[in-house]
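The exercises below are intended for a reader who is new to this structure.

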Amino acid sequence: TQSTRPQRLLGAVQKNATRGDPRSVVQAIDQFCRQKEWAMNVGDEKGCILDSVVSEVNPATVLELGTYCGYSTVRIASRLPPHAKLITLEFNPDFAVVARQVIAWAGVEDKVHLVEGASGDWIPKMTEQFGVKTFDLVFLDHWKDRYLPDTKLMEECGLLRKGSILLADNVICPGTPDYLEYVRSSARYESQYFKSHLEYTKVEDGLEKSVFLG
Ligand SMILES: CNc1ncnc2c1ncn2[C@@H]1O[C@H](/C=C/CNC(=O)c2cc(-c3ccc(F)cc3)cc(O)c2O)[C@@H](O)[C@H]1O
Ligand SMILES: [Mg+2]
């Protein structure tokens, strides 16, 4: 039977990356996406911005919405301090299966908790299920029309504290207009746009970094 793109991406990781070396896993995926098949990973250019935000925040608790193949999961996890925790939500079981193997190949599984399920169902359960009170950093990279409702849900569930950072992918392409309008106009956020390009292309895209002011 035909393989899927995520399965072929995983094959490229297992063929070209060194077990336990997150950088080689990231490099293998970027090479696969540039030379073989485009895939919707945050990519190397926006990935460097993600890296710098993670290093600056030095988070103890991170939530990622939309794991896909685990590319950004590996980038974030490899930069976390000891004992820090990254919870990543993915509701497509086929993608979750691939992501678990990519995360394991990179050797960062001890820092990552991949939860198979929908953000709308799991955000309200974060505290009771994982003992997380608030998130220091949230990376939004799932369905673009869910960024705003899920951000409001995180606010309502008390998962954001003064200083929590939201980092959102694709605010230009494919675009998240309602989310962008909200974080840029709300008095409860201080927002900043990091101009970049859509992964593996010359098309404009960028990340929006928003600090929750409480
Ligand atoms: C709604 N709640 C949810 N809870 C848990 N997981 C969820 C989810 N929504 C979506 N997901 C998962 O996140 C992932 C979805 C990501 C959606 N991303 C995009 O559509 C996207 C799309 C592009 C893109 C840009 C230009 C173009 F021509 C074609 C595509 C680029 C990106 O960087 C993207 O992130 C999948 O793995 C999906 O199963
Ligand atoms: Mg994206």
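## Aromatic rings

Ring pairs join Tyr182, Tyr189 and Phe212 into a cluster. The model is a predicted one, and it holds six aromatic pairs.

**Exercise 1.** Classify the pair formed by Tyr147 and Tyr179, and state which helices the pair links.

*Solution.* Step 1: a pair of aromatic rings is described by the distance of the centres and the angle of the planes. Step 2: for Tyr147 and Tyr179 the centres are 5.6 Å apart and the planes stand at 85°. Step 3: planes over 60 degrees apart count as edge-to-face, and the pair of Tyr147 and Tyr179 is of that kind. Step 4: Tyr147 lies in helix H8 (residues 147–156) and Tyr179 in helix H10 (residues 177–185), so the pair links distant parts of the chain, 32 residues apart. Step 5: buried means under 20% relative accessible area; Tyr147 has 0% relative accessibility and is therefore buried, and Tyr179, at 0%, is buried too.

**Exercise 2.** Classify the pair formed by Tyr189 and Phe212, and determine whether each residue is buried or exposed.

*Solution.* Step 1: the ring centres of Tyr189 and Phe212 lie 5.3 Å apart, with the planes at 55°, so this pair is tilted. Step 2: Tyr189 belongs to strand E6 (residues 189–197) and Phe212 to strand E7 (residues 204–212), 23 residues apart. Step 3: Tyr189 is buried, because its relative accessibility is 4%. Step 4: Phe212, with a relative accessible area of 5%, is likewise buried.

**Exercise 3.** Which charged ends sit over the rings of Trp122 and Tyr182?

*Solution.* Step 1: over the ring of Trp122 sits the charged end of Lys125, 4.3 Å from the ring centre. Step 2: over the ring of Tyr182 sits the charged end of Lys152, at 5.2 Å from the centre.

## Helix packing

**Exercise 4.** Describe how H8 is placed and how it packs with H10.

*Solution.* Step 1: seven of the ten residues of H8 are buried, which means that the helix is largely enclosed by the rest of the structure. Step 2: the buried residues include Leu148, Asp150 and Met154. Step 3: the axes of H8 and H10 are 7 Å apart, at an angle of about 40°; H8 is therefore oblique to H10. Step 4: on the H8 side, Tyr147, Leu148, Thr151, Lys152 and Glu155 meet Asp178, Tyr179 and Tyr182 of H10. Step 5: just after H8, Gly158 has a positive phi of about 70°.

**Exercise 5.** What is the relative direction of H1 and H5, and which residues meet?

*Solution.* Step 1: the two axes come within 10 Å and cross at roughly 10°. Step 2: H1 is therefore roughly parallel to H5. Step 3: the residues of H1 that meet H5 include Leu9, Leu10 and Val13, and those of H5 include Phe95, Val98 and Trp105.

Notes. Residues numbered from 1 in each chain as written. Chains lettered and ligands numbered in written order. Predicted model: local features only at pLDDT ≥ 70, side-chain atom pairs only at ≥ 80, totals over all residues. Heavy atoms only, no water. Phe/Tyr/Trp six-rings, centres within 6.5 Å; stacked < 30°, edge-to-face > 60°. Helix = DSSP H or I, 4+ residues; strand = E, 2+ residues; numbered from the N terminus. Buried < 20%, exposed > 50% of the residue type's maximum accessible area, 1.4 Å probe, protein only. Lys NZ or Arg CZ within 6 Å of the ring centre and 35° of its normal. Axes fitted to C-alpha atoms, helices over the stretch in contact; angles between N-to-C directions. Parallel < 35°, antiparallel > 145°, perpendicular 65-115°, else oblique. Contact = heavy atoms within 4.5 Å.
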